[in-house]
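Hello,

Here is the structure I promised to hand over. Please open it first, then read my notes below.

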Amino acid sequence: MAEAQVPVLFCFSTFSRASTVPAGSGHEILIQKFLALYGGLIGVHRKFLIQLHSADWGEYVDLPKGFVVHERCKLRLVSLQVPMTSLGNLVASSTVFFCCDMQERFRPAIKYFGDIISVGQRMLQGAHILGIPVIVTEQYPKGLGSTVAEIDVTAAKMVVPKTKFSMVVPEVEDALNEMPGVQSVVLFGVETHVCVQQTALDLIGRGLEVHIIADATSSRSMMDRMFALERLARTGIIITTSEAVLLQLVSDKDHPHFKEVQNLIKASAPESGLLSKV
(Lines give C-alpha, C1' and ligand atoms only; values in the text may rest on other atoms or scores of the structure.)
Protein backbone atom coordinates (compact mmCIF):
# COMPACT_ATOMS: atom_id res chain seq x y z
CA MET A 1 0.00 0.00 0.00
CA ALA A 2 1.40 3.39 -1.06
CA GLU A 3 2.41 5.81 1.69
CA ALA A 4 -0.18 8.57 2.15
CA GLN A 5 1.01 11.95 0.84
CA VAL A 6 -0.17 15.29 2.19
CA PRO A 7 -0.19 18.47 0.05
CA VAL A 8 1.91 21.29 1.49
CA LEU A 9 2.63 24.79 0.19
CA PHE A 10 6.30 25.56 0.88
CA CYS A 11 7.06 29.30 1.01
CA PHE A 12 10.42 31.03 1.15
CA SER A 13 11.07 34.73 0.63
CA THR A 14 8.76 35.77 -2.24
CA PHE A 15 8.39 32.21 -3.56
CA SER A 16 5.69 29.59 -3.02
CA ARG A 17 5.89 26.00 -4.30
CA ALA A 18 3.29 23.30 -3.89
CA SER A 19 4.52 19.80 -3.12
CA THR A 20 3.70 16.78 -0.98
CA VAL A 21 5.27 15.02 1.99
CA PRO A 22 4.45 11.69 3.65
CA ALA A 23 1.80 11.92 6.34
CA GLY A 24 3.47 12.19 9.74
CA SER A 25 6.48 14.15 8.44
CA GLY A 26 8.21 16.17 11.15
CA HIS A 27 10.71 19.00 11.37
CA GLU A 28 13.69 17.16 9.84
CA ILE A 29 11.83 15.99 6.73
CA LEU A 30 10.30 19.44 6.27
CA ILE A 31 13.73 21.11 6.43
CA GLN A 32 15.04 18.61 3.88
CA LYS A 33 12.09 19.39 1.60
CA PHE A 34 12.70 23.13 1.88
CA LEU A 35 16.36 22.61 1.02
CA ALA A 36 15.41 20.41 -1.94
CA LEU A 37 13.05 23.07 -3.26
CA TYR A 38 15.03 26.21 -2.44
CA GLY A 39 18.60 25.10 -1.74
CA GLY A 40 20.11 27.40 -4.34
CA LEU A 41 18.25 30.39 -2.93
CA ILE A 42 18.83 29.68 0.74
CA GLY A 43 22.61 29.78 0.32
CA VAL A 44 24.61 29.34 3.50
CA HIS A 45 22.22 30.82 6.07
CA ARG A 46 23.06 28.94 9.24
CA LYS A 47 19.80 28.95 11.19
CA PHE A 48 16.29 28.15 10.04
CA LEU A 49 12.85 28.64 11.51
CA ILE A 50 9.74 26.96 10.10
CA GLN A 51 6.43 28.72 10.57
CA LEU A 52 2.91 27.39 10.05
CA HIS A 53 0.12 29.53 8.63
CA SER A 54 -2.63 29.63 11.24
CA ALA A 55 -6.21 29.92 9.99
CA ASP A 56 -7.27 31.04 13.47
CA TRP A 57 -4.87 33.99 13.52
CA GLY A 58 -4.64 34.67 9.81
CA GLU A 59 -0.83 34.82 9.95
CA TYR A 60 2.24 32.66 10.42
CA VAL A 61 3.14 31.25 13.83
CA ASP A 62 6.28 29.36 14.88
CA LEU A 63 6.00 25.64 14.24
CA PRO A 64 4.71 23.99 17.44
CA LYS A 65 7.07 21.56 19.20
CA GLY A 66 6.51 18.01 17.98
CA PHE A 67 4.54 19.17 14.94
CA VAL A 68 3.86 16.56 12.24
CA VAL A 69 2.01 17.01 8.97
CA HIS A 70 -1.36 15.29 9.00
CA GLU A 71 -3.42 17.60 6.78
CA ARG A 72 -3.03 20.14 4.01
CA CYS A 73 -1.06 23.15 5.28
CA LYS A 74 1.04 26.16 4.37
CA LEU A 75 4.59 26.47 5.74
CA ARG A 76 7.18 29.21 5.56
CA LEU A 77 10.95 28.94 6.03
CA VAL A 78 12.64 31.90 7.67
CA SER A 79 16.42 32.11 7.38
CA LEU A 80 18.00 33.68 10.44
CA GLN A 81 21.25 35.44 9.59
CA VAL A 82 24.05 34.84 12.09
CA PRO A 83 26.37 37.82 12.62
CA MET A 84 29.66 37.11 10.88
CA THR A 85 31.59 38.02 14.03
CA SER A 86 30.06 35.07 15.88
CA LEU A 87 30.67 32.41 13.25
CA GLY A 88 32.94 29.69 14.55
CA ASN A 89 33.06 30.95 18.12
CA LEU A 90 33.11 27.83 20.31
CA VAL A 91 32.07 27.97 23.96
CA ALA A 92 32.26 24.80 26.06
CA SER A 93 28.90 25.39 27.75
CA SER A 94 27.06 25.48 24.40
CA THR A 95 29.02 22.74 22.59
CA VAL A 96 28.53 18.99 22.17
CA PHE A 97 30.94 16.50 20.56
CA PHE A 98 29.69 13.91 18.03
CA CYS A 99 31.88 10.81 17.49
CA CYS A 100 30.67 9.01 14.38
CA ASP A 101 31.07 5.25 13.80
CA MET A 102 34.71 4.70 14.80
CA GLN A 103 34.29 0.93 14.63
CA GLU A 104 36.56 -2.08 14.49
CA ARG A 105 35.50 -3.40 11.09
CA PHE A 106 36.49 -0.10 9.46
CA ARG A 107 40.09 -0.44 10.64
CA PRO A 108 41.57 -2.10 7.52
CA ALA A 109 39.52 -0.05 5.05
CA ILE A 110 39.72 3.58 6.18
CA LYS A 111 42.70 5.66 5.05
CA TYR A 112 44.91 6.71 7.98
CA PHE A 113 42.53 5.06 10.43
CA GLY A 114 45.23 4.78 13.09
CA ASP A 115 45.78 8.55 12.92
CA ILE A 116 42.04 9.19 13.05
CA ILE A 117 41.69 6.99 16.13
CA SER A 118 44.56 8.83 17.85
CA VAL A 119 43.04 12.25 17.25
CA GLY A 120 39.53 11.02 18.08
CA GLN A 121 40.72 9.80 21.47
CA ARG A 122 42.43 13.16 22.02
CA MET A 123 39.10 14.90 21.35
CA LEU A 124 37.22 12.68 23.80
CA GLN A 125 39.85 13.31 26.46
CA GLY A 126 39.47 17.04 25.85
CA ALA A 127 35.69 16.78 26.13
CA HIS A 128 36.04 14.97 29.46
CA ILE A 129 38.44 17.60 30.82
CA LEU A 130 36.16 20.46 29.77
CA GLY A 131 32.89 18.82 30.78
CA ILE A 132 31.52 18.75 27.23
CA PRO A 133 28.92 16.04 26.51
CA VAL A 134 29.82 13.42 23.90
CA ILE A 135 27.37 11.51 21.71
CA VAL A 136 28.72 8.37 20.04
CA THR A 137 27.06 6.30 17.32
CA GLU A 138 27.84 2.88 15.90
CA GLN A 139 26.69 1.90 12.43
CA TYR A 140 25.07 -1.58 12.46
CA PRO A 141 27.32 -2.83 15.30
CA LYS A 142 26.05 -6.40 14.89
CA GLY A 143 27.93 -6.56 11.59
CA LEU A 144 30.56 -3.83 11.93
CA GLY A 145 31.55 -4.26 15.57
CA SER A 146 31.72 -1.81 18.44
CA THR A 147 33.76 1.38 18.75
CA VAL A 148 37.47 0.57 18.64
CA ALA A 149 39.06 -0.21 22.01
CA GLU A 150 41.46 2.75 21.75
CA ILE A 151 38.49 5.16 21.86
CA ASP A 152 37.23 5.29 25.44
CA VAL A 153 33.48 5.94 25.32
CA THR A 154 32.73 5.09 28.96
CA ALA A 155 32.16 8.76 29.79
CA ALA A 156 29.98 9.44 26.73
CA LYS A 157 26.48 10.78 27.28
CA MET A 158 25.19 7.98 25.04
CA VAL A 159 26.36 5.32 22.60
CA VAL A 160 23.65 4.76 20.00
CA PRO A 161 23.44 1.90 17.49
CA LYS A 162 21.98 2.90 14.14
CA THR A 163 21.37 1.83 10.57
CA LYS A 164 20.70 5.31 9.18
CA PHE A 165 23.86 6.94 7.83
CA SER A 166 23.27 10.23 9.65
CA MET A 167 23.86 10.34 13.39
CA VAL A 168 20.67 12.37 13.76
CA VAL A 169 18.43 9.44 14.73
CA PRO A 170 15.49 9.77 17.17
CA GLU A 171 17.57 9.02 20.28
CA VAL A 172 20.09 11.70 19.32
CA GLU A 173 17.33 14.19 18.47
CA ASP A 174 15.84 13.59 21.92
CA ALA A 175 19.23 14.19 23.53
CA LEU A 176 19.66 17.46 21.62
CA ASN A 177 16.19 18.58 22.66
CA GLU A 178 17.21 17.99 26.28
CA MET A 179 20.18 20.35 25.77
CA PRO A 180 18.46 23.53 24.54
CA GLY A 181 21.59 25.61 25.19
CA VAL A 182 23.64 23.72 22.59
CA GLN A 183 24.58 25.90 19.63
CA SER A 184 27.65 24.13 18.22
CA VAL A 185 28.51 20.54 17.34
CA VAL A 186 32.10 19.34 16.97
CA LEU A 187 31.91 16.36 14.62
CA PHE A 188 34.47 13.67 13.74
CA GLY A 189 34.61 10.01 12.68
CA VAL A 190 33.98 8.02 9.52
CA GLU A 191 33.26 8.07 6.69
CA THR A 192 33.71 11.70 5.75
CA HIS A 193 31.62 11.54 2.58
CA VAL A 194 28.81 9.39 4.01
CA CYS A 195 27.87 9.40 7.69
CA VAL A 196 29.85 12.49 8.65
CA GLN A 197 28.57 14.49 5.69
CA GLN A 198 24.92 13.48 6.15
CA THR A 199 25.15 14.18 9.90
CA ALA A 200 26.58 17.65 9.27
CA LEU A 201 23.85 18.53 6.78
CA ASP A 202 21.13 17.32 9.15
CA LEU A 203 22.62 19.36 11.99
CA ILE A 204 22.79 22.63 10.07
CA GLY A 205 19.20 21.91 9.03
CA ARG A 206 18.37 22.08 12.74
CA GLY A 207 20.07 25.48 12.99
CA LEU A 208 23.23 24.22 14.72
CA GLU A 209 26.73 25.38 13.87
CA VAL A 210 28.93 22.44 12.83
CA HIS A 211 32.70 22.14 13.18
CA ILE A 212 34.26 19.12 11.44
CA ILE A 213 37.66 17.97 12.70
CA ALA A 214 39.55 17.36 9.46
CA ASP A 215 42.36 15.44 11.16
CA ALA A 216 39.84 13.15 12.91
CA THR A 217 37.70 12.14 9.96
CA SER A 218 38.47 10.01 6.92
CA SER A 219 37.10 7.69 4.23
CA ARG A 220 38.17 4.60 2.33
CA SER A 221 39.14 6.93 -0.51
CA MET A 222 41.12 10.14 -0.14
CA MET A 223 39.24 11.51 -3.14
CA ASP A 224 35.89 11.02 -1.37
CA ARG A 225 37.31 12.48 1.84
CA MET A 226 38.69 15.65 0.28
CA PHE A 227 35.73 16.36 -2.01
CA ALA A 228 33.35 15.90 0.93
CA LEU A 229 35.31 18.39 3.06
CA GLU A 230 35.32 20.88 0.18
CA ARG A 231 31.58 20.47 -0.37
CA LEU A 232 30.81 20.84 3.34
CA ALA A 233 32.94 23.98 3.58
CA ARG A 234 30.93 25.52 0.75
CA THR A 235 27.70 24.99 2.72
CA GLY A 236 29.08 27.05 5.60
CA ILE A 237 30.24 24.17 7.79
CA ILE A 238 33.52 24.96 9.54
CA ILE A 239 36.40 22.65 8.63
CA THR A 240 39.03 22.84 11.33
CA THR A 241 41.59 20.80 13.30
CA SER A 242 41.69 19.13 16.68
CA GLU A 243 44.25 21.51 18.18
CA ALA A 244 42.41 24.60 16.92
CA VAL A 245 39.16 23.44 18.53
CA LEU A 246 40.66 22.44 21.87
CA LEU A 247 42.53 25.73 22.23
CA GLN A 248 39.48 27.70 21.14
CA LEU A 249 37.44 26.00 23.85
CA VAL A 250 39.88 27.01 26.61
CA SER A 251 40.53 30.43 24.95
CA ASP A 252 42.87 31.70 27.70
CA LYS A 253 46.08 30.44 29.31
CA ASP A 254 44.48 31.28 32.65
CA HIS A 255 41.63 28.84 31.99
CA PRO A 256 41.54 26.35 34.91
CA HIS A 257 41.99 23.43 32.51
CA PHE A 258 44.52 24.98 30.15
CA LYS A 259 47.45 22.90 31.42
CA GLU A 260 45.52 19.65 30.99
CA VAL A 261 44.53 20.57 27.44
CA GLN A 262 48.07 21.74 26.70
CA ASN A 263 49.35 18.31 27.73
CA LEU A 264 46.99 16.72 25.20
CA ILE A 265 48.41 18.73 22.32
CA LYS A 266 52.11 18.82 23.26
CA ALA A 267 52.71 16.29 20.51
CA SER A 268 51.28 17.57 17.24
CA ALA A 269 48.40 15.58 15.81
CA PRO A 270 49.30 13.29 12.87
CA GLU A 271 48.56 14.91 9.52
CA SER A 272 46.69 11.82 8.21
CA GLY A 273 47.34 12.57 4.56
CA LEU A 274 45.91 16.10 4.67
CA LEU A 275 49.22 17.77 3.86
CA SER A 276 49.47 15.86 0.60
CA LYS A 277 46.57 18.00 -0.64
CA VAL A 278 47.98 21.35 0.46
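**What I found**

The largest nonpolar core has 34 residues, and Phe 97, Phe 113, Met 123, Val 186, Phe 188, Ile 213 and Val 245 touch the most other members. A nonpolar core is a set of buried Ala, Val, Leu, Ile, Met, Phe, Trp, Tyr and Cys residues joined through side-chain atoms within 4.5 Å. Buried means under 20% relative accessible area (1.4 Å probe, protein chains only).

Elements that give two or more residues to this core are β6 (95-100), α2 (113-130), β7 (134-139), β9 (184-190), β10 (209-218), α7 (242-250) and α8 (258-264). Helices (H or I, at least four residues) and strands (E, at least two) are DSSP runs, numbered from the N terminus. α2 gives the most, with nine residues. Another core, of 32 residues, lies apart from this one; Val 160 and Leu 203 are among its members.

Now the helix pair. α5 (residues 192-205) and α6 (residues 222-234) pack at about 15 degrees, with axes 9 Å apart. Axes are lines fitted to C-alpha atoms over the stretch in contact, and angles run from 0 to 180 degrees between N-to-C directions. The two helices are therefore roughly parallel (angles under 35 degrees count as such). Residues of α5 in contact (heavy atoms within 4.5 Å) with α6 include Thr 192, Gln 197 and Leu 201.

This is a predicted model: local features need pLDDT of at least 70, side-chain atom pairs count only at pLDDT 80 or more, and totals for chains, interfaces and linings use all residues. Residues are numbered from 1 along each chain as its sequence is written, and side-chain values use heavy atoms, leaving out hydrogens and water.

Best wishes

Terms used: Buried means under 20% relative accessible area, exposed over 50%, partly exposed in between (1.4 Å probe, protein chains only). Angles under 35 degrees count as roughly parallel, over 145 as roughly antiparallel, 65 to 115 as roughly perpendicular and the rest as oblique.
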